[in-house]
Structures are given as structure tokens and as C-alpha cells.
Amino acid sequence: MSTQVVSAGAARRRERRFALFTLLLGAAVPLLFLRGATGGIATFVLNDARGERFLLPDLVIPVDLTLVLLSAAIVAVGVLQLVRPVGRRAPLAVGAAGGLFVVAVLVWATTGASVSLVALLRGALFASVPIAFGAMAGVLSERAGVINIAIEGQFLAGAFTAAVVASVLGSAWFGLLGGIAAGALIGVMLAGLTIRFQADQIVSGVVLIVLATGVTSFLTSQLLASNTAWNSPVRFIAAPLPLLSDLPLIGSIVFRQTFLVYLMIVMVIVLQFALFRTRWGLRLRSVGEHPAAADTVGIDVLRTRYRAVVLGGMLAGIGGSWFTLEAASQFSKEMTGGRGFIALAAMLVGRYSPVGAMSAALLFGFADSLATTLQRLPVPLPSTLLRATPYVITLLVVAGLVGRLRVPAADGKPYVKQ
Amino acid sequence: MRLELKGVTKRFPGVVANDAIDLTVEAGEVHGLLGENGAGKSTLMNILYGLYRADEGQVLIDGQQVHFSDPGDAIAAGIGMVHQHFMLVPVFTVAENILLGKEPIDRFRRFDRRAAHEEVERLAETFGLPVDPSAVVEDLPVGLQQRVEILKALSRDARLLILDEPTAVLTPQEADGLFASIRGFQAAGRSVIFISHKLREHRDIADRITVLRRGRAVGTVDATAAEPQELAQLMVGRPVDLVVDRSPARPSEPVLTVEGLEVLAADGQRLVDSVDLTVHRGEILAIAGVEGNGQTPLVEAITGLLPIGGGRVLLGEEDLTGRSRKEILRSGVGHIPEDRTMHGLVGSFSVADNLVLNLWDDERFAARRTRRFDEVRSHARRVVKDFDVRTPSIATPASSLSGGNQQKVIVAREFDRPIRVLVAAQPTRGVDVGSIEYIHRQLVAKRDAGVGVLLVSSELDEVIALADRVAVMFRGRLIGPFPTPVAKEALGLMMAGVPAEEAMRGLAA
């Protein structure tokens with residue numbers, strides 16, 4: 001047992017640093033964004049132009065006034081932190097300030113233009129799909145005690161296989177099955193290496209990422225480049241849900257989505273319930289926390305881990321399928337762009353729970369969607385910088401929020417019977 | 001249940017861990033298993049519990065031969081084991097832990113919390129071991145965790161309970177409670193195998209005692225008839241001096257002063273809460289207490305392993321607060337850490353290298369930061385002889401020595417350099433009786449040579465045998481010190497949090 005020990009003032013000093021950072025953010029808003037030209041307005045569209053039953057009026061706001069108010073709010077958070085320390089919740093306060101800052105950026109960028117809030121948020125939900133599935137794969141595997149950093153590899157394998165199967169068989173459904181199978185295959189390899197042969201779990205994961213990257217890249221240039229018919233998958237199309245999609249705002253954002261978005265929401269709920277309410281989940285978690293205890297009461301530790309890793313691989317395979325069945329129209333080399341690692345971050349930030357992981361995935365999805373939105377606006381920022389937003393946010397969130405994380409006690413440790 | 005082991009033999013590469021052991025446990029008997037570390041107690045119990053397979057010999061239950069290939073088989077046959085390191089999931093509730101593997105489920109395959117709680121409450125009532133089914137195990141004190149572990153075995157209908165060093169983590173009062181429960185099972189016709197290296201406990205609770213030495217059962221004796229001296233001799237194989245021979249202390253000026261020392265956990269909890277203490281030259285100040293009450297952070301703060309949250313540590317007049325670990329050691333503080341494999345030794349290094357682990361760049365052993373191996377080796381040869389370290393050679397890796405000899409390497413290293421204060425944490429943990437005797441004599445000798453000794457131990461017998469003054473640590477605070485002798489019962493009460501005056505008075509009345 002290791003107890004984390006800090007010197008007396010460290011916690012207080014940390015909070016003071018947080019407060020200072022918050023005040024800086026608050027000061028940055030008027031300094032960076034106030035243009036002096038009063039009277040600028042920003043328009044936010046709250047409708048989808050696809051024939052909703054209820055139409056909401058556009059949200060038109062004065063830019064300067066809003067920025068001043070936002071700045072004041074951020075400063076207030078910082079002052080509050082200085083005056084009355086909130087202790088363990090300090091990261092939350094910084095998070096709130098950061099959120100307000102992002103709103104300020106959006107308002108500033110929209111000056112004299114119009115942004116569809118519906119598209120922004122719908123895009124956020126859509127972009128969070130692979131991250132949420134990947135994070136769930138991680139949760140399942142690590143709750144059972146096996147570190148799975150091969151999610152990126154499972155994404156690539158899933159995306160590639162889904163694209164080829166959906167192209168050849170002409171069905172997105174078969175494509176999805178192919179993607180799941182590919183994810184599961186990487187899962188089997190990871191389980192074999194780490195459980196059967198007790199190889200180092202991090203190294204095994206890296207090896208599988210390299211393998212998946214190499215194989216899919218090779219096959220893409222050797223096979224798909226000359227055979228475009230094998231790389232033009234039939235994709236899932238947007239499927240508005242009856243009645244629900246007519247709800248104002250929410251309907252447009254949540255219920256006019258594609259199949260995998262709905263599947264993500266269902267899976268998160270199912271997995272949350274299964275892990276924390278069922279016998280299956282209790283046993284799985286016992287294996288990740290104290291395998292020897294599980295073993296002595298007759299739970300098969302190795303089999304439980306094997307299944308968890310492979311099931312996780314299937315979930316990651318679904319996440320991979322999103323890239324070629326929903327997001328893009330074909331497979332291209334290394335198209336997953338490191339989202340498997342963002343999924344790992346989402347798992348950590350979500351504290352190894354499916355609901356938490358999806359919340360974090362939504363944050364990253366939002367960053368993704370925001371970057372896309374800002375690129376279309378006349379903003380004096382290079383687009384490469386904007387595309388880096390999700391990764392920058394990952395870095396900040398992981399550094400700031402992870403803090404004192406409760407990792408499953410036996411995570412990463414092979415179980416060896418004496 | 002009547003259990004018989006006949007000629008059980010288990011060989012590991014290079015050693016015979018169990019050599020043709022015969023053991024019979026009658027129904028309703030409490031059978032003590034006594035032996036030093038490495039005598040083969042654990043191996044034997046792991047065979048009985050299905051974790052190892054015996055190379056030869058038979059296990060019979062009520063006259064029927066049985067074969068266990070995993071713990072599940074042993075459990076099914078009615079054998080329950082309470083491990084020294086609990087087999088409990090810390091983040092699960094009491095009910096989840098007790099019923100893991102045989103959980104009640106409802107129609108939706110959900111874990112049926114209500115049925116589980118009822119089941120646990122019924123069990124707790126049947127055996128008179130009350131617990132809160134919804135409490136999370138890691139929040140419970142160790143004594144209660146052990147109770148959960150016992151209930152877990154009983155819930156699987158154990159008719160023979162194996163208790164592996166069950167009192168190691170308990171206060172004397174908690175141990176008495178455990179003994180009462182053991183008598184309860186006994187009265188219900190259940191059998192118990194009680195493993196301990198403490199002679200006194202065997203005489204308190206066991207009906208018969210079997211002594212193991214180097215893998216062999218060297219004798220089974222009636223507990224009532226057994227003399228401690230005789231048991232110790234059986235265990236070690238030669239006469240042992242159980243009483244530490246020492247003259248009264250002649251303390252002089254203070255050499256280690258701790259003022260208002262605080263150590264904080266990351267969450268702000270006070271692991272060490274404004275502790276004041278003074279160790280004089282030529283005395284042994286002992287700190288007793290159940291483990292986990294702040295002794296470890298106290299020792300680590302004094303020796304510079306942990307940052308100090310508040311207060312000062314003085315060596316003579318010199319302020320050590322905030323100094324580096326190396327400066328502290330070099331200024332004359334010796335440290336025997338409580339976990340020798342973690343902090344005391346580098347297992348893969350040779351005995352010789354371990355003997356200069358904190359002196360390797362000292363002038364004697366290094367010239368301009370280049371090591372002088374001849375000096376290191378001749379030093380090792382001398383020290384190994386002086387301190388009676390039993391090792392095949394000075395080039396042997398430390399990890400292949402026995403626990404007692406590993407500990408002697410550390411003792412030798414710290415005692416052979418000039419020190420003014422010695423901080424000894426659990427100096428005889430996991431050490432054979434012969435080495436205990438030796439280390440105790442060395443501690444007293446160091447005291448008589450004018451060193452101030454701060455001894456931290458959770459073994460009350462050790463504290464009582466060595467201390468000139470004794471203090472108790474409870475929840476990060478120090479109670480005392482008091483001049484010895486202090487009644488063992490009073491110390492026990494203080495270890496459980498009873499205020500000092502009350503503890504002393506309760507005994508006088």
C-alpha cells in the first residue's frame with residue numbers, strides 16, 4: 001500500500017496556481033478578443049434546416065457585451081478560488097472557467113457571422129462515437145486487469161475491414177460485423193500475449209498498434225489503390241427517430257443521427273448496468289482488483305480476463321467501423337489519427353466507468369466539432385492549429401483532471417497461480 | 001471433521017519443503033502449527049487448500065482419501081482458509097466479498113443486494129460475528145476485515161478453518177475476541193488449524209501443537225503440558241534464550257529530538273499528528289502500536305524518506321529537517337527499515353555490495369567516485385564474520401539468503417558505521433528465532449555503547465523485552481512515553497485507543 005504524501009502547503013499552493021490561471025484566462029478574454037468596434041453581433045442558429053415541426057428563433061447576441069460578461073464570470077471564479085478554497089473540487093472550477101473561455105472564443109469567432117449551434121453539437125455527438133467505444137473497450141479490459149493500449153490498432157483494423165466487407169458485400173451491416181471481428185481478432189492477440197504468455201502489457205499493445213498500422217497501410221497501397229471497388233463501402237445513413245426527432249433542439253441534435261450514435265448511447269447504458277449491477281460485472285471487477293481472491297472462490301481469472309479483452313476488442317471494432325461506415329467514404333492510411341489514444345484519455349478522465357468515459361468522449365468530440373466549425377469562420381488562426389484542438393484539450397484535461405485516480409488494483413499485472 | 005495428512009512430501013528445486021509430514025486434526029480440535037519462517041507451514045497449508053499438489057502422501061478427510069486440484073475442491077470438501085493477506089476486494093462491500101462466487105441474483109441476473117444482505121446478517125448472527133453487510137471493506141479496521149474473511153469461509157460451510165498468522169495484525173484485545181470466536185467454532189464441532197510463530201498464543205488457544213522444522217514435523221505435543229522453552233527448542237533445534245539479558249539503561253543527554261512532527265497524506269489527512277519525542281544516548285525508546293497507525297510515516301519522516309509537513313527533527317543540536325536522506329544517514333542516523341526487500345537491500349546485488357549500499361562513495365570504498373573493489377570485498381569478509389551472516393560467499397546475491405540473514409546484512413551495515421542514533425522498524429519481522437535472539441542482543445549492545453535507539457515494533461513481546469521507555473502510537477498520535485515496566489494489558493488497551501490514564505487505572509482496579 002502506498003500512501004501519497006505531500007508537504008503541508010502543496011495543496012494550497014496548487015489551488016493558488018489554479019486561481020491565477022483562471023484570472024489570466026479571464027483577463028485574456030477582453031485583451032485578445034475585444035475589437036473595440038462596438039455593435040458587432042453574433043448569430044447562432046438553433047434550427048436544423050431539415051423540416052422540424054417546431055422552429056426556434058435564431059439567437060442574436062451583441063459580441064462585446066457578451067465577452068465582457070464572460071470575462072467577468074471567469075474572473076469571479078478565480079477570485080472565489082482565492083478567497084474561499086474549494087479543495088478537491090479545484091480542478092472543476094478551472095474546468096468551468098475553461099468552458100466559459102471556449103464560449104468566448106466561439107462568440108468572438110462568430111462576430112458578424114452565423115453559426116449553427118445544432119450542427120456544432122450534433123457534430124460533437126457524432127465525433128464522440130469512436131472515442132466512446134474505444135474508451136468502453138478500455139474500461140472493460142482494464143476493469144478485468146488487462147491494460148489495453150491497442151485501441152488505436154483495433155480502430156485501424158476495424159475501419160479497414162469494415163470498409164472492405166461493406167464494399168464487397170454491399171451492406172453496411174456486414175461491414176460492421178467485419179469491423180467487430182477485426183477488433184476482436186486484435187483483442188484475441190492481446191489476450192494471448194498478455195494472459196497466456198504474460199508478456200508486458202504496454203509493449204504488447206504497442207506491438208499490436210504497429211502491426212495493425214503496417215498491415216492496413218500495406219494492404220491499402222497494394223490492394224485497395226488498384227481496386228477502388230473494394231474501398232467504396234456502403235455506409236450507414238442518418239436515421240431520424242420517429243417522434244423523438246421532432247423535439248425542439250434536442251431532437252435535432254440527438255435524434256437525427258446515424259445508427260452508431262444510437263448504438264453508443266445504448267451500449268454505454270448497458271455496460272454501466274452490467275459492470276456495476278450484475279453478477280457478471282461483480283466477478284469481472286473482482287478479477288481486476290484482487291485476482292487471487294476471485295480465484296479462491298472459484299472464479300476462473302484467466303478466462304474472465306480473456307473474455308473481457310476480446311469483448312473490449314469487439315467494442316473497439318465498432319468504434320473503428322465508424323471511420324469508414326459513417327465518417328469518411330473510404331479507408332485511407334492511418335485515418336484514425338490517434339483517436340485510440342484520445343479514447344484512453346477519455347477512459348482515465350471518466351474514471352473507468354462507461355458513463356464517465358462517454359462524458360469525456362463528448363468533451364473531446366466537442367473539441368473536434370468546434371475545430372471544424374471554426375475552420376469555416378473568418379478567424380485569423382491557421383487551420384492546422386485548429387485541427388490540433390482535440391489533442392491540446394486531451395493534454396490539458398488529462399494533466400488537470402486525472403489527479404487522484406483510482407486504478408483497478410491489479411490492472412496491468414499478470415495473474416500467476418502459485 | 002477429522003483430517004489426516006500421511007507422509008505428505010513436497011519438493012521444490014533444491015529444497016524439500018515438506019518431508020513426509022504426518023498430521024492429524026480431530027473433529028472439534030484446535031491444532032496449532034508452530035514453526036519458523038521457511039519451516040514449511042505455508043507449503044503444507046497450500047497443499048491442503050489445493051494450491052499446490054503434493055509429490056507424495058495422502059490427505060484423508062473422515063477416513064476418505066481426497067485429491068484437491070484447486071481451492072474450489074478444498075472449499076467444497078469443507079476446508080476454509082483465512083489468509084494472512086486477506087483475500088478480500090478492498091473496494092467491494094462486506095456482502096459482495098462474502099458472497100463473491102455464489103452471489104444471489106434476481107430475475108434480471110442482477111446482483112440481488114437485499115438477499116445478499118439478509119444472507120450475511122443470518123450468517124453473522126449464527127456465528128456471533130456481527131458485521132455491517134453494506135460497509136466497504138477498505139473502510140473497516142483490520143480486525144473487522146478478518147471477521148469478514150472468517151465469515152466468508154464459514155458461508156461456504158467450512159468445517160475445518162485454517163487461520164494463517166491471524167493475530168499478526170490484531171491488538172491483544174482483538175486477538176482475545178478472535179480466540180473467543182475460535183472456541184465458539186470448536187464448541188460447534190468444527191476444527192481449526194492455527195498457524196503462528198508466537199509460542200504464547202499456541203498455549204492460549206491450541207489443544208495440541210505440531211512443530212515443524214526445516215520441512216519435517218519434529219513433534220506433536222499437548223498444549224497444556226508444553227513448556228515454552230521446550231517448544232522453542234523443538235522449533236529451532238537447539239536451546240534458545242528467550243529472555244533478553246540486559247542491565248538497566250544509563251541514559252545521558254538527548255540525541256534525537258522530534259518536535260511537533262507532522263506528515264500529511266495527499267488528501268490532507270494527518271498520518272503523523274504533532275508527535276514530540278526525545279531519545280537519549282544509551283536508551284531504547286520503543287513505539288508500540290497496531291500497524292497502520294502512523295509508525296511507518298513517522299520513521300520515514302525522521303529518516304528523510306518522506307517530506308515533513310510540519311515540526312522539526314534534531315540530531316543532538318543539529319537540525320535535520322529538510323535534509324536529504326544521504327545527509328541524514330551520513331550525519332549519524334542508522335536505519336533498519338521495516339521492509340527489507342523494499343528499502344533495505346537490493347536483492348540482485350551481492351552481499352558485499354549491499355554492505356556498502358549507503359557508503360559506496362565513502363573515501364574508504366571509492367576514490368574519485370570510482371569504486372575500490374578490494375576494499376569493498378575485504379570489508380565484506382570482515383563484517384560477515386563479525387556479524388555472523390550465514391552466506392555461501394560475499395558474492396552471493398542478497399535475495400538468496402534467508403530472511404534472518406538478509407536482516408543481519410542490514411544490521412551489520414548500520415552497526416558497523418559510526419552512528420549516534422538507530423531507528424529500527426520491525427527489526428525482527430519474518431526472522432527466525434535464532435536471528436531474533438542475535439538482533440536483540442545487538443540492539444542492547446548498541447544501547448550500552450551510548451547510541452540512542454528508537455525501536456518501532458508491532459510485536460508487544462519484543463517491545464516489552466527491550467524497551468527502557470515505551471510509547472504507543474494510535475491514529476498518528478503518540479501516547480506516552482512511559483518508563484518501563486508497563487503492563488502488557490495496559491499497552492494493549494492504549495493500542496486500541498483507550499486513553500493512557502484509563503488504561504493504567506483499569507488495570508489497577
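Biologist: Which two strands of chain B pair in the antiparallel sense over five bridges?

Modeller: In this predicted model, strand β21 (residues 469-474) of chain B and β22(B) are the two that pair in that antiparallel sense, and five bridges join them. Within this part of chain B, Met473(B) has Leu478(B) of β22(B) standing opposite.

Biologist: Turning to chain A, are helices α5(A) and α7(A) roughly parallel or roughly antiparallel to each other?

Modeller: For two helices, one reads the approach of the axes together with the crossing angle. The axes of helix α5 (residues 151-169) and helix α7 (residues 201-224) of chain A come within 7 Å and cross at roughly 25°, and an angle under 35 degrees counts as roughly parallel, so α5(A) and α7(A) are roughly parallel to each other. Their crossing is left-handed. On the side of α5(A), the residues that make the contact include Leu156(A), Ala157(A) and Phe160(A), while those from α7(A) include Leu208(A), Ile209(A) and Leu211(A). By class, this contact of α5(A) with α7(A) has seven nonpolar, three polar and one charged residues.

Biologist: How does α5(A) cross helix α13 of chain A?

Modeller: The axes of α5(A) and helix α13 (residues 339-349) of chain A come within 7 Å and cross at roughly 135°, which makes α5(A) oblique to α13(A). The crossing in which α5(A) passes α13(A) is right-handed. Ile151(A), Glu152(A) and Phe155(A) of α5(A) make this contact, together with residues of α13(A) that include Phe341(A) and Leu344(A).

Biologist: Where are the domains of chain A, and how many residues of each are in contact with the other?

Modeller: The domain assignment gives domain 1 (10-112) and domain 2 (118-370) of chain A, and their centres, taken over C-alpha atoms, are separated by 33 Å. Nine residues of domain 1 of chain A are in contact with seven residues of domain 2 of chain A. The side of domain 1 that touches domain 2 has four nonpolar, one polar and four charged residues.

Biologist: Which element of chain A gives the most to the side that touches chain B?

Modeller: The size of an interface is often given as the accessible area lost when the parts come together. What can be read here is a count of residues, with 24 residues of chain A in contact with 27 residues of chain B. On the side of chain A that touches chain B, β1 (5-6), α10 (279-289) and α11 (291-296) of chain A each supply at least two residues, and α11(A) gives the most, with five residues. By class, that side of chain A has ten nonpolar, nine polar and five charged residues.

Definitions and conventions: Residues are numbered from 1 along each chain as its sequence is written. Chains are lettered from A and ligands numbered from 1 in the order in which they are written. This is a predicted model: local features need pLDDT of at least 70, side-chain atom pairs count only at pLDDT 80 or more; totals for chains, interfaces and linings use all residues. Domain bounds come from an automatic or database domain assignment. Two residues are in contact if their C-beta atoms, placed from the backbone, lie within 7 Å. Ala, Val, Leu, Ile, Met, Phe, Trp, Tyr, Cys and Pro count as nonpolar, Asp, Glu, Lys and Arg as charged, and the others, Gly among them, as polar. Axes are lines fitted to C-alpha atoms, for helices over the stretch in contact, and angles run from 0 to 180 degrees between N-to-C directions. Helices (H or I, at least four residues) and strands (E, at least two) are DSSP runs, numbered from the N terminus. Angles under 35 degrees count as roughly parallel, over 145 as roughly antiparallel, 65 to 115 as roughly perpendicular and the rest as oblique. A crossing is left-handed if the near helix is turned anticlockwise from the far one by less than a right angle, and right-handed if clockwise. Two strands pair if DSSP finds at least two bridges between them.
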